Each structure stands twice: as structure tokens, then as C-alpha cells.
Amino acid sequence: MQATATVLVYSDDSNTREQVRLATGRRPAPDVPVVEFLECATPAAVVRELDRGGIDVVVLDGEAAPMGGMGLCRQIKDEVFQCPPVLLLIGRPQDAWLATWSRADAAVTLPVEPVEFASALASLLRRKSLQQSA
């Protein structure tokens, strides 16, 4: 197992980015690596960081402005070679169909509920780890 996992968090709202950090803690589950966060407040910064590589999971705020995480998710799934798994933060449970449209790998509702979020993030980190070892 790798020593650390890099999680990119996109939101224009620093409070949302903080909720993600607090819900994750040092690691979202005992069987996944310790998490290091890379925070982005603009879509351009997200694309730039993904182009650099080394991102294990992307967390996108579906309620972000000026570009929501759903549209950004669809864009990066189309444009980034071997795009990392994406966890989408959605405003309402009814928006789950939009998360599917955006091609997100998982979705949880805002505000971030720590147990639900940590479980979803850990699942994506496990999947990423299995892909790397295959």
C-alpha cells in the first residue's frame, strides 16, 4: 500500500473544503493510505493540477461557482487521460441523476456528513489502489 494518497478538493467555498478535510481526518479508513489534500478554488486550477498528475481521487463541489462540479466532472472525464475517480458533492439527494450524467464515480450530499463522506472516499481510494496494482 502506498504511504499517502493525494486528494484534490475543488470548491469556491473554503468552508466546504474544510468540511471535506475534517470529515476525512488523517485517513478515511484504516485500510487506506494517509490523505494529503490539494485544494483548488477555480476550475482552471483543477485542470492544471490534473495535468501535472499524481492525484488519486478528485472531490468536486457540485454547488461551486462559477462552474459547478458536475460540469467540471464531465469535462475532466472527457479530457483527462486516465482520470482519477471523482467524488461529487451534491446539494440534494434528488440530484443523484445529475451526478450520473456527469460521470462521477460516487456522490454524497452537502453539507458533508462525515461517516458517509469518509466511506465514499475510502471506497474510491481502494478502487484506485486495485487499479494501480492490476
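**Close-up views of a predicted model**

**View 1. The buried side of helix α3.** In helix α3 (residues 69-79), the buried residues are G69, M70, L72, C73, I76 and K77. These residues lie on the same side of α3 because they cover an arc of only 160° around the axis, the arc being that of the directions from the helix axis to the C-beta atoms. Buried means under 20% relative accessible area, exposed means over 50%, and partly exposed lies in between (1.4 Å probe, protein chains only). Helices (H or I, at least four residues) and strands (E, at least two) are DSSP runs, numbered from the N terminus. The model is a predicted one, in which local features need pLDDT of at least 70 and side-chain atom pairs count only at pLDDT 80 or more, while totals for chains, interfaces and linings use all residues. Residues are numbered from 1 along each chain as its sequence is written, and side-chain values use heavy atoms, with hydrogens and water left out.

**View 2. The surroundings of helix α3.** The buried residues of α3 pack against β1, α2 (43-52), β3, β4 and α4 (96-102), where contact means heavy atoms within 4.5 Å. On the face of α3 turned away from its buried side are the exposed residues D78 and E79.

**View 3. The open sheet of 5 strands.** The strands are ordered β2-β1-β3-β4-β5 and their pairing is parallel; two strands pair if DSSP finds at least two bridges between them. Strands β2 (34-40) and β5 (106-109) form the edges, each pairing on one side only. From one strand to the next, the twist averages 25°. Strand β1 (residues 4-10) pairs with strand β3 (residues 57-61) in the parallel sense over 4 bridges, and Y10 stands opposite L60 in β3.

**View 4. Helix α1 and its residue R17.** Helix α1 (residues 14-24) lies across β1, β2, β3 and β4 (86-90), and runs at about 175° to β2. Axes are lines fitted to C-alpha atoms, for helices over the stretch in contact, and angles run from 0 to 180 degrees between N-to-C directions. R17 has its place in helix α1 and is buried, with a relative accessible area of 13%. Leaving aside neighbours within four places in sequence, R17 is in contact with V9, S11, D12, E39, C40 and A41. R17 and E39 are 22 residues apart in sequence, and their C-alpha atoms are 7.3 Å apart in space.

View 5. Most residues other than glycine have a negative phi, and most peptide bonds are trans. A cis peptide bond with omega of about 5° joins A65 and P66, and P66 is placed in the loop between β3 and α3. The peptide bond from L110 to P111 is also cis, with omega near -5°; P111 is in the loop between β5 and α5 (114-133). Q82, in the loop between α3 and β4, has a positive phi of about 50° although it is not a glycine. Q82 is exposed, with a relative accessible area of 62%. In the loop between α4 and β5 is R103, a residue other than glycine whose phi is positive, near 75°. R103 is partly exposed, with a relative accessible area of 35%.
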